[in-house]
Amino acid sequence: MSEGFLVKLPSYKCSPDNYPKEVRIKPLNIKSIRKISSMNQSNGVQIIEAVLNDLVDTDVKELYQKDIEFLILWLRMNSRFSDTNPNIIPLGYTCPNCSTKDSKNIDLSKIEIKELNGYKEPVVVKLPSGIIVKQRLLKLKDLLDISITKEESTIFELVASTLVSTDKEEFNTFEEKMNFVDNLESVEDFVVLSKFFEEFDYGFPSSLEIECRNCKAKFNVTLPFEDFFRMDATFVSTGKSYRDYIVNK
Ligand SMILES: [Zn+2]
């Protein structure tokens, strides 16, 4: 695939040698829009994989979750299907202070994309109970694994997915990882493992600070990545009517 745009992934500074620093990506086409239109609550991750695999020149299952989110944003901003500005998305919120329900337009092009820094895979940590654990960043394949058993992933599945091995065992399947998490004897061990995500947070922010229009309270609202992907296919106007294209008038 030689066409498309070369984009640098947010993880490029710290990813392992066998991981791509940049990928080639093509904007959404009709086939991708058709696939996205069949997206529902339970097949979101599968559709994302299918669509990105058509448009990106690498096996997207192996890409980090944050790099995938970045590519989704790139598609959103670079696929001009409708006449409306593809960078503007309405972000709905309910104020936790005064319960006002409102929506604010967010300009995606103005949001800072953080590069991954100070990370080397895998990260080795010694948990409070003394167990030594290796952790790595989440990949799209992890989310696919989770989606086989659950519709929505929780922190427990996400933490389990980061596990590579301990000083006593090597993990090969998601079940083995989940089993290790389920059987942790110390809550503190789990807390340390879950801080992995805060420590190596990068790419597009997962939430944005919003100010309530009514009471001016400030709070964070989670960005709905799957909704960015589910863009309305209200196609651009050609400036002419159908009749203008009829040649046998
Ligand atoms: Zn409010």
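1. Two strands are taken to pair if DSSP finds at least two bridges between them. In this predicted model, three strands joined in that way form an open sheet, in the order β5-β6-β7 and with antiparallel pairing. The edges of the sheet are β5 (123-126) and β7 (163-166), each of which pairs on one side only. On average, neighbouring strands of the sheet are turned by 25 degrees against each other, direction ignored. The pairing of β5 with β6 (residues 132-135) runs over four bridges in the antiparallel sense. Within this pairing, valine 124 stands opposite lysine 134 of β6.

2. As to the overall layout, the protein contains ten helices and nine strands. The C-alpha trace spans about 80 × 50 × 35 Å along its principal axes. Of the 249 residues, 23% count as buried. Among contacts with a separation of 6 or more, 61% join residues 24 or more positions apart.

3. The domain assignment divides the protein into domain 1 (5-82 + 90-114 + 222-232) and domain 2 (123-199). The centres of the two domains, taken over C-alpha atoms, are separated by 24 Å. Twelve residues of domain 1 are in contact with nine residues of domain 2. On the domain 1 side of this contact, α2 and α3 (65-78) are the elements that give two or more residues. The most comes from α2, with three residues. By class, the domain 1 side has five nonpolar, four polar and three charged residues.

4. Leucine 52 illustrates the contribution of helix α2 (residues 44-55), in which it is found. Is leucine 52 buried or exposed? Leucine 52 has 23 other C-beta atoms within 10 Å and is therefore buried, the cut-off being 20 or more. Not counting residues up to four places away in sequence, leucine 52 touches Val60, Ile68 and Leu71. Leucine 52 and serine 32 are 20 residues apart in sequence, and their C-alpha atoms are 8.5 Å apart in space. Leucine 71, with the same exclusion of residues up to four places away, touches Ile25, Leu52 and Val56.

5. Leucine 63 is found in the loop between α2 and α3. This residue is buried because 26 other C-beta atoms lie within 10 Å. Which residues does leucine 63 contact, leaving aside its neighbours within four places in sequence? The contacts of leucine 63 are with Ile68, Lys139 and Leu140. Leucine 63 and asparagine 43 are 20 residues apart in sequence and 19 Å apart in space, C-alpha to C-alpha.

6. Helix α4 (residues 140-149) has Leu140, Asp142, Leu143, Asp145 and Ile146 buried. What covers these buried residues of α4 includes α2, α3, α5 (155-161) and α6 (174-182). In general, an α-helix has 3.6 residues a turn, so residues three or four places apart point the same way.

7. A further antiparallel pairing joins strand β3 (residues 88-94) to strand β4 (residues 101-107) over seven bridges. Isoleucine 89 has isoleucine 106 of β4 as its bridge partner. The hairpin of β3 and β4 has six residues between the strands, and serine 99 in this hairpin takes a positive phi near 65 degrees. In general terms, the strands of a sheet pair through backbone hydrogen bonds, either parallel or antiparallel.

How values were computed:
Residues are numbered from 1 along each chain as its sequence is written. This is a predicted model: local features need pLDDT of at least 70, side-chain atom pairs count only at pLDDT 80 or more; totals for chains, interfaces and linings use all residues. A residue is buried if 20 or more other C-beta atoms lie within 10 Å of its own, exposed if 12 or fewer, and partly exposed in between; C-beta atoms are placed from the backbone. Two residues are in contact if their C-beta atoms, placed from the backbone, lie within 7 Å. Domain bounds come from an automatic or database domain assignment. Ala, Val, Leu, Ile, Met, Phe, Trp, Tyr, Cys and Pro count as nonpolar, Asp, Glu, Lys and Arg as charged, and the others, Gly among them, as polar. Axes are lines fitted to C-alpha atoms, for helices over the stretch in contact, and angles run from 0 to 180 degrees between N-to-C directions.
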